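Reader: I've got this one open on my screen and I'd like a close look at a single part of it. Could you walk me through how the helices pack?

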Amino acid sequence: MAEDTPAPGAARSRPETSAEHQPSGADVGWGITGTLLSGIIVWGGVGLALDRWLGTNFLALVGLLLGLGVAIYLVVMKYAPPVPPAGKGARKTTPGGRRSRPRTQKGQR
């Protein structure tokens with residue numbers, strides 16, 4: 001216990017976070033929803049402001065579509081599964097995608 005308490009006036013160290021920590025499904029869903037909504041709102045607002053400033057009627061729609069497109073791109077880049085490495089470290093699989101030999105438990109054939 002005494003090792004966990006910092007010296008008076010010293011900063012407390014942060015607990016180490018695991019690199020393998022996976023967010024919950026709700027966290028991912030809210031992240032996607034927030035990204036899509038913020039893209040539409042921000043770029044739609046920019047288009048609406050340009051419409052009012054320039055006296056046009058189409059830039060709000062362009063801003064909405066641009067914001068939606070950029071937001072979808074960001075969601076795909078952030079939440080898509082990683083691409084497996086090619087070359088030396090690649091796993092050896094058969095053309096059907098299965099391993100050439102099935103894994104067995106120790107002592108079983």
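**The helix pair**

Author: Helix 1 and helix 2 run roughly antiparallel to each other, a label used for angles over 145 degrees. Before going further, this is a predicted model, where local features need pLDDT of at least 70, side-chain atom pairs count only at pLDDT 80 or more, and totals for chains, interfaces and linings use all residues. Residues are numbered from 1 along each chain as its sequence is written, and side-chain values use heavy atoms, with hydrogens and water left out.

Now, the pair itself. The protein chain has two helices and zero strands; helices here are DSSP runs (H or I, at least four residues), strands are E runs of at least two, and both are numbered from the N terminus. Two packed helices are described by the angle between their axes and the distance between the axes. Helix 1 covers residues 25-54 and helix 2 covers residues 59-79; they pack at an angle of about 155°, with axes 7 Å apart. Those axes are lines fitted to C-alpha atoms over the stretch in contact, and angles run from 0 to 180 degrees between N-to-C directions. By class, the contact of helix 1 with helix 2 has 18 nonpolar, seven polar and one charged residues. Gly is among the polar ones in that scheme, while Asp, Glu, Lys and Arg are charged, and Ala, Val, Leu, Ile, Met, Phe, Trp, Tyr, Cys and Pro are nonpolar.

Take helix 1 next. Its 30 residues should span 44 Å at 1.5 Å a residue, and the end C-alpha atoms are 43 Å apart, which agrees; the expected span is 1.5 Å times one less than the number of residues.

Across the protein chain, 9% of the 109 residues count as buried.

Tryptophan 43 sits in helix 1 and is partly exposed, at 37% relative accessible area. Leaving aside neighbours within four places in sequence, tryptophan 43 is in contact (heavy atoms within 4.5 Å) with Gly63, Leu64, Leu66 and Gly67. Valine 70 is 27 residues from tryptophan 43 along the chain, with 9.5 Å between their C-alpha atoms.

Over in helix 2 you'll find leucine 74, partly exposed at 45%. Leucine 74 lies 38 residues from leucine 36 in sequence, and 8.9 Å from it in space, C-alpha to C-alpha.

Definitions and conventions: Angles under 35 degrees count as roughly parallel, over 145 as roughly antiparallel, 65 to 115 as roughly perpendicular and the rest as oblique. Buried means under 20% relative accessible area, exposed over 50%, partly exposed in between (1.4 Å probe, protein chains only).
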